Amino acid sequence: MDPKKVLVVDDSKLMHKMYEVMLRQYVLVHAMDGLEASQELEDHDDVDLVLLDINMPRMGGLEFLEHMGYQDESKALPPVIIVSTEGKEEDTQRGLEAGAVAYIKKPFSSVQLTAVISEMPDDVRSREQA
Amino acid sequence: MSGPREGGRLGSPEVTGTELVTQLRGTLDRAAELVRVLEGNLATLQQLGHGEPSEAPAASAKRVEELEERLRTAETDVKELASRLVDSEHQAGRLMNLYVATYQLHSTLHPEEVQETIAEIAINLLGAERFALLLRDEDEEACEVALEEGLTDEDTLYAGRVYRGGDPLIDATLDDGVLRLGPEDGSPVLAAVPLRVHDVIVGALVVLDLFDHKPILRSEDRDLLDLLSAHAASALFAARLYAAKDRKLRSLESLVKLARRE
């Protein structure tokens, strides 16, 4: 997959800076929690990938997936990669069941992150397709 | 063969880490292509040599030998480039972490935000699951636990958010300012990072446990710990100083306003 615009959702300013450095080749849209992310998705209908943290205040990653209706595959939503810190397999599994298509665990390198993005198939759920 | 040696530009200081990786990947691809061509040529020559033994066998044998030598060189170069590519990606990752950590530590003058950044570095870049930031009290007899993550009632040395000593690794680091990696006999601490301001040890960052998916601290983590040692305390103290001065300024302004009304 070769996305153009990526929505990064994380409550850590450090991680947002890290994404800026790691993903210079993409246009980034930033959100600090799930609520902001849902608003950003409304404002930017050309976002074609979401990097989603699990643990965030107000609305976490799993709640965001549920709120946006990611379980409904007919919905026109960009694919989600879960970014998890805790290494809790159950959270990752719940995220995948809730509609995310891949995951990566912090700490990760730019090589690992770009590998996860590029290894995603082009025909993974996308706004154009749905 | 000149392929891998074309990397003269690799040492150029203006080439960024990402560009370097891209260049290395390109060179690696070209070298692999060259190896494939050479292998093809070699196979063709060997077939020719077998099929027509009367055609200058000595010249063919020499040509085959030359091509085999070039193939060996190309294979060696590919291995070297692959190794350099891995090293470059590794270095780029380390530099990214250090840049982002430094940038973020000094991006604010709010003490709470600096502490948040230290915690974020520990969690997101080091992969620390349990850690504590110790800052010496003014009387220097104990350390305040200014920040902690994952401490439980079983961590009795930090009870009441005060550390009064007892862990040999932490005590030694607070004493001589040397970064120590554990665990060792009598101490479960994975890393005791001295925090310095003007060469004075003002505290320590103590890493007690890492996330399951990061079993050990790696060599690149040492750079990050060194950076925290040099920058975390100074960023925190600068922010605290600013906050204290700001409070005093506000108090004085209030007093001036009050005096003018009277």
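**Chatting through chains A and B**

Colleague: Where in chain A is the place of A:Pro107?
Modeller: A:Pro107 is in the loop between β5 (102-105) and α5 (110-119) of chain A. Keep in mind that this is a predicted model.

Colleague: What's the peptide bond from A:Lys106 to A:Pro107 like, cis or trans?
Modeller: The bond from A:Lys106 to A:Pro107 is cis. Omega there is near -5°.

Colleague: And which residues does a cis peptide bond join in chain B?
Modeller: One such bond joins B:Gly182 and B:Pro183, with omega at about 0°. B:Pro183 is in a loop too, between β4 (180-181) and β5 (191-197) of chain B.

Colleague: Is B:His198 buried or exposed?
Modeller: Exposed, because its relative accessibility is 75% and the cut-off for exposed is over 50%.

Colleague: What about B:Arg161, what is its phi?
Modeller: About 55°, again positive in a residue that is not a glycine. B:Arg161 lies in the loop between β2 (143-149) and β3 (162-163) of chain B. Its relative accessible area is 42%, so B:Arg161 counts as partly exposed.

Colleague: Switching topic. What pattern does chain A follow along the sequence?
Modeller: β-α-β-α-β-α-β-α-β-α. That comes to five helices and five strands.

Colleague: How does its radius of gyration compare with that of a compact globule?
Modeller: They agree. Along the principal axes, the C-alpha atoms of chain A fill a box of roughly 35 × 30 × 25 Å.

Colleague: How much of chain A is buried?
Modeller: Buried residues are 58% of its 130 residues. As for contacts with a separation of 6 or more, 60% are between residues 24 or more positions apart. The chain exposes about 5,900 Å², with 45% supplied by carbon and sulfur atoms.

Colleague: Which residues touch the most other members in the largest nonpolar core?
Modeller: A:Tyr19, A:Leu23, A:Leu51, A:Ile81 and A:Leu113 do, out of 63 residues in that core. Helix α5 of chain B gives the most to this core, nine residues.

Colleague: Which residues does A:Leu113 touch?
Modeller: Leaving out residues up to four places away in sequence, A:Leu113 touches A:Tyr19, A:Met22, A:Leu23, A:Leu51, A:Ile104 and A:Phe108. Another core lies apart from the largest one. That core has 22 residues, among them A:Val29, A:Ala31, A:Val50 and A:Ala100.

Colleague: Back to α5 of chain B. How many residues does that helix have?
Modeller: It has 43, covering residues 219-261. From first C-alpha to last, the helix reaches 63 Å, close to the expected 63 Å.

Colleague: Where does α5(B) bend?
Modeller: At B:Leu228, by about 35°.

Technical notes: Residues numbered from 1 in each chain as written. Chains lettered and ligands numbered in written order. Predicted model: local features only at pLDDT ≥ 70, side-chain atom pairs only at ≥ 80, totals over all residues. Heavy atoms only, no water. Helix = DSSP H or I, 4+ residues; strand = E, 2+ residues; numbered from the N terminus. Expected span 1.5 Å × (residues − 1). Bend = angle between axes of the 7 residues up to and from the residue. Rg over C-alpha atoms; globule rule 2.2 N^0.38 Å. Buried < 20%, exposed > 50% of the residue type's maximum accessible area, 1.4 Å probe, protein only. Contact = heavy atoms within 4.5 Å. Areas by Shrake-Rupley, 256 points an atom, 1.4 Å probe, with all protein chains shown as cover. Core = buried A, V, L, I, M, F, W, Y, C linked by side-chain atoms within 4.5 Å.
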